[in-house]
Amino acid sequence: MKVSALYIHVPFCLRKCKYCDFISYPCAERGAQLAAYASLVERELHLYNKQSVDLSQLRTVYFGGGTPSLLSAQEIRHILSCLPDDQREQAEITLEANPET
């Protein structure tokens with residue numbers, strides 16, 4: 001299966017907003033919980049690479065949530081390192097951000 005877009009959901013926020021219907025959980029500070037989640041996303045991308053998922057046509061990577069900007073730059077870099085080099089350089093990469101983070 002060829003994939004042209006990838007959505008990475010980060011289900012953590014500083015607090016759960018009353019109006020939000022997305023799956024998200026309060027995470028008051030950056031730390032072990034976010035690092036563990038980023039590690040699991042990396043593992044899943046490695047599994048995709050071993051299966052019949054073809055990322056050679058990847059054009060878009062979107063980090064949504066929750067609040068993806070809670071992830072550290074290093075955690076985002078590690079997640080993106082799981083993508084093929086040429087796709088990482090060519091794909092549009094977007095990350096939702098909260099001004100507080």
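**Close-up views of a predicted model**

**View 1. A salt bridge joins E100 and R15.** The side chains of E100 and R15 form a salt bridge, with N and O 3.2 Å apart. The two residues sit in distant parts of the chain, 85 residues apart. E100 belongs to the segment after β5. R15 belongs to the loop between β2 (12–13) and β3 (25–26). Side chains of opposite charge can pair when their charged atoms come close. A search of the whole structure finds one salt bridge. This is a predicted model.

**View 2. How exposed are E100 and R15?** E100 has a relative accessible area of 52%, so E100 is exposed. The cut-off for exposed is over 50%. R15 has 48% relative accessibility, so R15 counts as partly exposed.

**View 3. Three strands form an open sheet.** The strand order is β1-β4-β5, and the pairing is parallel. Which strands lie at the edges? They are β1 (5–10) and β5 (92–95), and each pairs on one side only. From one strand to the next, the twist averages 15°.

**View 4. β1 pairs with β4.** Strand β4 covers residues 60–65. How many bridges does β4 share with β1? There are six, and the pairing is parallel. Look at H9 for one example: its bridge partner in β4 is G64.

**View 5. Helix α2 lies across the sheet strands.** Helix α2 spans residues 73–80. Which strands does helix α2 lie across? They are β1, β4 and β5. Helix α2 runs at about 135° to β4.

Key
Residues numbered from 1 in each chain as written. Predicted model: local features only at pLDDT ≥ 70, side-chain atom pairs only at ≥ 80, totals over all residues. Heavy atoms only, no water. Pairing = 2+ DSSP bridges. Helix = DSSP H or I, 4+ residues; strand = E, 2+ residues; numbered from the N terminus. Axes fitted to C-alpha atoms, helices over the stretch in contact; angles between N-to-C directions. Contact = heavy atoms within 4.5 Å. Salt bridge = Lys/Arg side-chain N within 4 Å of Asp/Glu carboxyl O. Buried < 20%, exposed > 50% of the residue type's maximum accessible area, 1.4 Å probe, protein only.
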